[in-house]
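Have a look at the structure first, then read on.

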Amino acid sequence: MRRFVGTLTLAVAVASLVAACASMPEFLGGPPRTYEVWIPEQGYDKIIIYSVTEGDGEVKITKSGEIALAPPGPQPTVAPHILLFGPGYKRAYVAGVRAGGMFVVDAEKRSVITRIPTGRTAHAATPSWDGSRVWVANVGDNNIVEVMASGDTYTKGRTIATDPRPSCAFWSRDDSTFWVVTGGPANAPADQAGTITAVDAKAGRVTKVIQPIGRDGCAVVPSHDERWLYGSSPTQFTVADAKTGQIVKKIQPSGKDAHGFMPTPDGKYILLAVRQADAVDVLDAQTHQRLRTVPVGSRPDLFDLSPSGRYAFISLRGKPVTGDPHALAGTESGFAVLDTQTWRVVAKVRAEGANSDIHGIATRPSGFWDWYRAPR
């Protein structure tokens with residue numbers, strides 16, 4: 001009996017130690033294993049929030065809330081396109097292509113703070129790392145509009161004209177420069193339009209234009225050391241020297257209509273969504289060669305990463321609320337979760353409703369943004 005009690009006590013102690021060790025990385029400041037995924041629902045003018053708990057080779061996902069951006073109606077009046085978080089994940093900035101402006105959302109209270117009109121077909125609202133400014137790319141007005149933030153007071157600042165159809169932007173780590181990608185004239189040859197435009201954030205002027213990156217340019221993200229600028233378009237993935245603006249490599253995607261992309265936090269890979277291939281191309285971040293192509297689901301679009309960097313969350317398009325210029329109507333609106341160690345899709349979540357159309361996606365907190373902003 002005494003031996004049994006001793007064995008039982010030892011077993012309990014071991015179990016407690018195992019549990020403590022399992023939570024130790026988070027306790028010591030490691031990446032959290034429980035976090036949120038936010039998806040702007042274009043078809044129903046709302047943000048859908050999911051809670052995620054990740055394990056070794058698996059994730060558990062449950063819906064945890066919604067935030068309405070407009071009253072329900074027969075047709076969306078906002079069509080929230082892209083969502084990005086500001087410092088500390090306290091505010092979310094959501095561009096509405098039909099609303100012609102930016103919504104600011106209190107991420108902790110899950111409520112809308114304000115809406116700022118910025119221009120026609122507002123595509124993406126990108127906050128600076130210090131949270132003091134947000135640049136909104138207005139596809140329909142061929143410009144970017146600065147919004148100044150002071151607490152929860154937002155006022156419009158400068159307007160900068162760009163090449164036709166600016167869509168997304170990215171700030172340098174020190175907030176001195178931002179890069180905006182443009183689509184170019186809609187009727188231009190596919191390989192003779194599209195730019196990465198560098199803007200001096202203090203002076204508010206264009207300092208460099210890198211072209212062509214391909215018509216309908218989608219996204220721009222720098223390498224972690226800001227040596228390279230990466231740009232994507234339906235027909236090519238571009239690698240440019242950030243200092244000189246010289247294009248050093250053009251990579252053809254595995255299928256039609258390449259779109260969003262994201263480097264992984266470990267610096268090994270770049271993930272590129274290829275919409276009409278229903279797949280993700282995995283590029284080597286050092287050689288920029290395509291290593292593999294992974295089927296992920298119908299019409300993959302944009303990415304964000306788990307805090308650990310292991311899992312990539314990929315939005316999947318549904319009914320094309322914002323139009324169908326690239327035959328992007330999908331059959332399973334929602335998102336997929338890709339394990340970047342095994343290159344296996346470990347989960348899929350379907351959004352609700354026949355008019356669902358998911359384009360943007362963001363994790364809170366996000367592995368990639370935290371990694372990029374960290375001092376080096």
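Ile47 is in contact (heavy atoms within 4.5 Å) with Trp38, Ile39, Pro40, Gly65, Glu66, Ile67, Leu69, Leu83, Val94 and Val105, leaving aside neighbours within four places in sequence. Bear in mind that this is a predicted model, where local features need pLDDT of at least 70, side-chain atom pairs count only at pLDDT 80 or more, and totals for chains, interfaces and linings use all residues. Residues are numbered from 1 along each chain as its sequence is written, and side-chain values use heavy atoms, with hydrogens and water left out.

Ile47 also belongs to the largest nonpolar core, which has 91 residues. Such a core is a set of buried (under 20% relative accessible area, 1.4 Å probe, protein chains only) Ala, Val, Leu, Ile, Met, Phe, Trp, Tyr and Cys residues joined through side-chain atoms within 4.5 Å. Strand β2 (residues 46–54) gives this core its largest share, five residues. Strands here are DSSP runs of E, at least two residues long, numbered from the N terminus. A second, separate core has twelve residues, including Tyr93 and Met102.

Now for the sheets, where two strands pair if DSSP finds at least two bridges between them.

Phe237, one of the core residues touching the most other members, has Ile251 in β19 as its bridge partner.

Conventions
Helices (H or I, at least four residues) and strands (E, at least two) are DSSP runs, numbered from the N terminus. Buried means under 20% relative accessible area, exposed over 50%, partly exposed in between (1.4 Å probe, protein chains only).
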